[in-house]
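This report describes the chains of one complex, their contacts and the confidence of the model. Please read it alongside the sequence and the structure shown below.

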Amino acid sequence: MALGDDAYEEDPALPCGRTLSEVWEKAEETPDDPHAAGCPHCQEALTRLGVLDDYVREARDSTADEAAEAADAAATERLTARVMDLVRTELRPGRTLPLGEPADDVWITEAAAAKAFRAAAETLPAVYAGSCRVALTAPEGPMTVSMEVEAGLRWELPELAEQVRRRVRAAADEAVGVTVSAVDVRIVDLIDESGEEPA
Amino acid sequence: MSGAQQAEGRGRTDRELRALLQRTAADAARNTPGVAYLRPGLGDLVRGTVPLLAAADEPRVAGVRAEPDDEPGRWRLRIHLAVRRGHRALDVARAVRAEVLAAVRRAYAPEGPEHHGVAALAVTVTVTDLA
Amino acid sequence: MPEPGDGLLAARAAEGDEGAFEVLVRRHGPSLLRLATRILNSRTDAEDAVQDAFVNAWRRIPEFRGDASFSTWMYRIVTNRCLNVLRARRPTQDLGSVPEPPAPEHASSPVRAAESRASVRALGDAMQGLTPEQRACWVLRELQGLPYDEIADIVGSTHQAVRGRVFRARRHLTEAMSSWR
């Protein structure tokens with residue numbers, strides 16, 4: 001029995017003994033059921049469901065034509081603009097990390113530092129940076145960077161990790177201005193570059 | 001003069017001075033090479049704080065906040081900004097700090113043209129984005 | 001080179017990278033708008049619901065652990081938002097009572113023309129007779145084509161209960177549509 005008890009008051013038995021829900025579900029699960037094929041009661045119930053299915057198909061198709069797609073694209077643009085306007089009033093910059101010497105009194109947010117490090121890793125071909133945490137090993141530094149990356153199958157893993165480390169260190173020095181004592185690289189996914197994106 | 005009047009009078013002075021300091025600092029910071037734009041401060045970015053600040057009826061300049069310190073005449077400026085790509089965040093932040101200090105000194109030092117009793121100034125610069 | 005995956009972008013968004021979140025909004029906006037439009041039978045309400053859902057998702061994404069896919073997670077947030085809208089719209093209404101038709105939406109877009117085809121509208125009207133839960137489950141099953149288990153996950157219910165709701169929705173709709181023709 002497929003349905004919860006509360007459904008049965010609304011699930012009448014046909015003269016052949018099967019309930020309506022059984023007939024409809026069997027049609028989905030075992031399309032070539034011999035009983036249903038020869039039973040006029042089952043056939044009548046399936047015809048009624050078929051009528052509904054036709055309308056459903058029409059409704060589905062009505063959102064799949066070119067005009068509908070253009071309207072979807074416009075709606076998505078509108079949606080994205082509205083959402084991002086609100087998001088930008090609720091940013092999460094993360095912790096504030098010291099830049100330079102204590103006397104400098106200059107700082108950088110973790111989000112901004114992570115942006116520089118991710119961008120540096122992504123200068124490598126077929127590399128995408130994900131999570132990137134920047135932590136202080138002592139109150140005044142140095143810092144450690146932990147980064148997750150996805151990369152194309154063209155990469156040998158040790159080579160990829162080494163290249164990412166090198167780019168991140170260079171960015172720490174040239175783009176940010178902090179000392180990074182360790183860069184921990186975790187390769188979370190390898191992407192088949194010819195086909196589908198990873199889930 | 002009653003205590004309330006005194007507080008009000010001093011408040012107004014502080015408010016005017018705050019607006020002036022913020023404008024001076026913002027101009028100096030914006031004109032420093034490598035600054036993409038001044039950004040609403042971290043405090044302003046946290047959800048819920050914007051209406052509170054607005055309700056306080058304080059002069060506001062995006063990305064710059066001036067606050068009087070505990071001692072009279074001492075002020076603290078907090079600047080939040082985005083650094084333009086291709087510039088080093090540390091160098092830009094240091095330069096902004098130096099430019100802001102110099103600009104405020106020029107305008108508000110005891111021997112300067114608009115002395116309003118700024119005896120000491122601390123400037124904190126935070127890079128909040130790279131653009 | 002394919003685009004970065006949802007999980008990667010969600011991890012970045014969780015750490016405050018609003019640019020990564022924007023990519024997710026663009027990527028999943030169209031299907032979520034379609035879902036909400038089908039459940040709510042109104043494009044305007046759907047855009048509001050999906051906007052609220054994404055802003056809510058931005059606040060909650062640090063808790064998103066990636067045990068569900070980002071897409072399922074968003075379906076859940078959008079569906080719940082839509083259910084709240086439907087419940088507010090029709091506080092008490094039993095299956096089978098005569099529904100108040102929704103305020104007609106007149107717009108000049110070409111999509112309206114396609115959507116206003118009589119049979120599609122009739123189906124939309126017939127759906128007014130469903131409870132919010134039946135409606136959401138039926139749309140997820142028949143219009144979005146999701147398996148029962150995933151629907152159960154999205155609406156926070158059991159496989160059995162979802163089957164029951166879809167069946168009751170089908171039963172109501174077959175009756176409503178056969179009398180329409």
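In which sense do strand E2 (residues 106-109) of chain A and E4(B) pair, and over how many bridges? The two strands pair in the parallel sense, over 3 bridges.

## Basis of the report

The model is predicted: local features need pLDDT of at least 70, side-chain atom pairs count only at pLDDT 80 or more, and totals for chains, interfaces and linings use all residues. Residues are numbered from 1 along each chain as its sequence is written, while chains are lettered from A and ligands numbered from 1 in the order in which they are written.

Strands are taken as DSSP runs of E with at least two residues, and helices as DSSP runs of H or I with at least four residues, both numbered from the N terminus. Two strands pair if DSSP finds at least two bridges between them. Within the pairing of E2 of chain A with E4(B), Val106(A) has Val125(B) as its bridge partner.

The contact takes 19 residues from chain A and 18 residues from chain B, where two residues are in contact if their C-beta atoms, placed from the backbone, lie within 7 Å. On the chain B side, helix H2 (42-45), helix H4 (89-108) and strand E4 (120-130) each give two or more residues. The most comes from E4(B), with 8 residues. By class, this side of chain B has 9 nonpolar, 3 polar and 6 charged residues. Here Ala, Val, Leu, Ile, Met, Phe, Trp, Tyr, Cys and Pro count as nonpolar, Asp, Glu, Lys and Arg as charged, and the others, Gly among them, as polar.

## Architecture of chain B

Chain B comprises 4 helices and 4 strands, which follow the pattern α-β-α-α-β-β-α-β along the sequence. Among its contacts between residues at least 6 apart in sequence, 71% join residues at least 24 apart. Of its 131 residues, 34% count as buried; a residue is buried if 20 or more other C-beta atoms, placed from the backbone, lie within 10 Å of its own.

H4(B) has 20 residues and reaches 28 Å from its first C-alpha to its last, close to the 28 Å expected at 1.5 Å a residue. The expected span is 1.5 Å times one less than the number of residues in the helix. The buried residues in H4(B) include Arg94(B), Arg97(B) and Glu99(B), together with Val92(B), Val96(B), Val100(B) and Val104(B).

## Confidence in chain B

The mean pLDDT of chain B is 77, and 68% of its residues reach 70 or more; pLDDT is the predictor's confidence in each residue, from 0 to 100. Among the elements of chain B, strand E1 (residues 35-38) has the highest mean pLDDT (94) and helix H3 (residues 49-55) the lowest (45).

In two stretches of chain B, pLDDT stays under 50. Over residues 1-12 of chain B, the model has 1 contact beyond four places in sequence. Over residues 44-55 of chain B, the model has 10 contacts beyond four places in sequence. Where pLDDT is low, the predicted coordinates should not be read in detail.

## Contact between chains A and C

In this contact, 60 residues of chain A meet 51 residues of chain C. Several helices of chain C each supply at least two residues to its side, among them H2 (18-40), H3 (43-60), H7 (132-143) and H9 (159-180). H9(C) gives the most, with 12 residues. The residues of this side of chain C divide into 23 nonpolar, 11 polar and 17 charged.

H7(C) has 12 residues and reaches 15 Å from its first C-alpha to its last, close to the 16 Å expected at 1.5 Å a residue. This helix is mostly covered, with 11 of its 12 residues buried. Among the buried residues of H7(C) are Glu133(C), Arg135(C), Trp138(C) and Arg141(C). Just after H7(C), Gly145(C) takes a positive phi of about 70 degrees.

## Domains of chains A and C

Domain bounds come from an automatic or database domain assignment. Chain A is assigned domain 1 (1-90) and domain 2 (96-191), whose C-alpha centres lie 48 Å apart. Chain C is divided into domain 1 (1-91) and domain 2 (115-181), with 21 Å between their centres, taken over C-alpha atoms.

Within chain C, 13 residues of domain 1 are in contact with 13 residues of domain 2. On the domain 1 side, H2 and helix H4 (70-89) of chain C give two or more residues, and H4(C) gives the most, with 8 residues. The residues of that side divide into 7 nonpolar, 3 polar and 3 charged.
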